[in-house]
Amino acid sequence: VTPELIRDKVTKHLNVSPEVLTMKTRGTKDVVDVKKKYAHCLWTFTSLTTREIGKLLGKDHTSVINLVHSVRNICKVDKDYRNQIIELENLFDDTQN
């Protein structure tokens with residue numbers, strides 16, 4: 001799975017522009033949530049390092065770690081959010097080797 005495929009599928013599924021992923025603003029909750037989900041998918045479905053993922057997001061590697069951990073922590077306590085993540089992950093089931 002390529003970062004480009006992940007970008008395309010995540011942004012299409014979440015109905016946002018790919019430019020949202022690299023916005024430099026501190027952002028709204030919605031923008032941050034899209035970035036969290038994108039970072040999670042990159043971390044889960046590629047062998048990219050946090051530094052490489054950070055370059056795609058315009059963030060440093062520690063921000064990527066925080067985004068990924070945030071998704072995991074929210075999934076532990078929020079069933080609806082967990083279902084949203086599972087739905088995103090299912091987009092890549094047919095692309096796994």
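## Isoleucine 85 in helix H5

Let's start inside the fold: isoleucine 85 is found in helix H5, where helices (H or I, at least four residues) are DSSP runs numbered from the N terminus. This is a predicted model, in which local features need pLDDT of at least 70 and side-chain atom pairs count only at pLDDT 80 or more, while totals for chains, interfaces and linings use all residues. Residues are numbered from 1 along each chain as its sequence is written, and side-chain values use heavy atoms, with hydrogens and water left out.

With a relative accessible area of 3%, isoleucine 85 is buried; here buried means under 20% relative accessible area, exposed over 50%, and partly exposed in between (1.4 Å probe, protein chains only). Not counting residues up to four places away in sequence, isoleucine 85 touches Lys37, His40, Val71 and Cys75, a contact being heavy atoms within 4.5 Å. Isoleucine 85 and arginine 72 are 13 residues apart in sequence, and their C-alpha atoms lie 9.6 Å apart in space.

## Helix H4 and its two sides

Helix H4 takes in residues 61-77, 17 residues in total. From its first C-alpha to its last, H4 reaches 25 Å, close to the 24 Å expected at 1.5 Å a residue; the expected span is 1.5 Å times one less than the number of residues.

Which residues of H4 are buried? They are Val64, Leu67, Val68, Ser70, Val71 and Cys75. Seen down the axis of H4, these buried residues fall within an arc of 150°, so they line one face of the helix. The arc is that of the directions from the helix axis to the C-beta atoms. The buried residues of H4 pack against H2, helix H3 (50-57) and helix H5 (79-90). On the face turned away from the buried side, H4 carries the exposed residues Asn66, Lys76 and Val77.

## Where H3 meets H4

The axes of H3 and H4 come within 8 Å and cross at roughly 95°. Axes are lines fitted to C-alpha atoms, for helices over the stretch in contact, and angles run from 0 to 180 degrees between N-to-C directions. H3 and H4 are therefore roughly perpendicular to each other, a term that covers angles of 65 to 115 degrees. On the H3 side, the contact is made by Thr50, Arg51, Ile53, Gly54 and Leu57; on the H4 side, by His61, Val64, Ile65 and Leu67.

Leucine 57 deserves a visit of its own. This H3 residue is buried, with a relative accessible area of 1%. Leaving aside neighbours within four places in sequence, leucine 57 is in contact with Leu21, Thr22, Lys35, Tyr38, Ala39, Val64 and Leu67.

The twelve residues of H1 should span 16 Å at 1.5 Å a residue, and the end C-alpha atoms are 16 Å apart, which agrees. Pro3, Ile6, Val10 and Thr11 are the buried residues of H1. Viewed down the axis of H1, they fall within an arc of 115°, so they line one face of the helix. What covers them includes H2, H3 and H5. Threonine 11, in H1, has 4% relative accessibility and counts as buried. Leaving aside its neighbours within four places in sequence, threonine 11 is in contact with Val16, Ser17, Pro18 and Leu21.

Asparagine 15 lies in the loop between helix H1 (3-14) and helix H2 (29-45), and at 69% relative accessibility asparagine 15 counts as exposed. Threonine 2, in the segment before H1, is partly exposed, with a relative accessible area of 39%.

## The cysteines

How many disulfides does the structure hold? The structure holds zero disulfides, a disulfide being a pair of cysteine sulfur atoms within 2.5 Å. For cysteine 41, the nearest cysteine sulfur is that of cysteine 75, 11 Å away. Cysteine 41 counts as buried at 0% relative accessibility, and cysteine 75 is buried with a relative accessible area of 13%.

Notes
Parallel < 35°, antiparallel > 145°, perpendicular 65-115°, else oblique.
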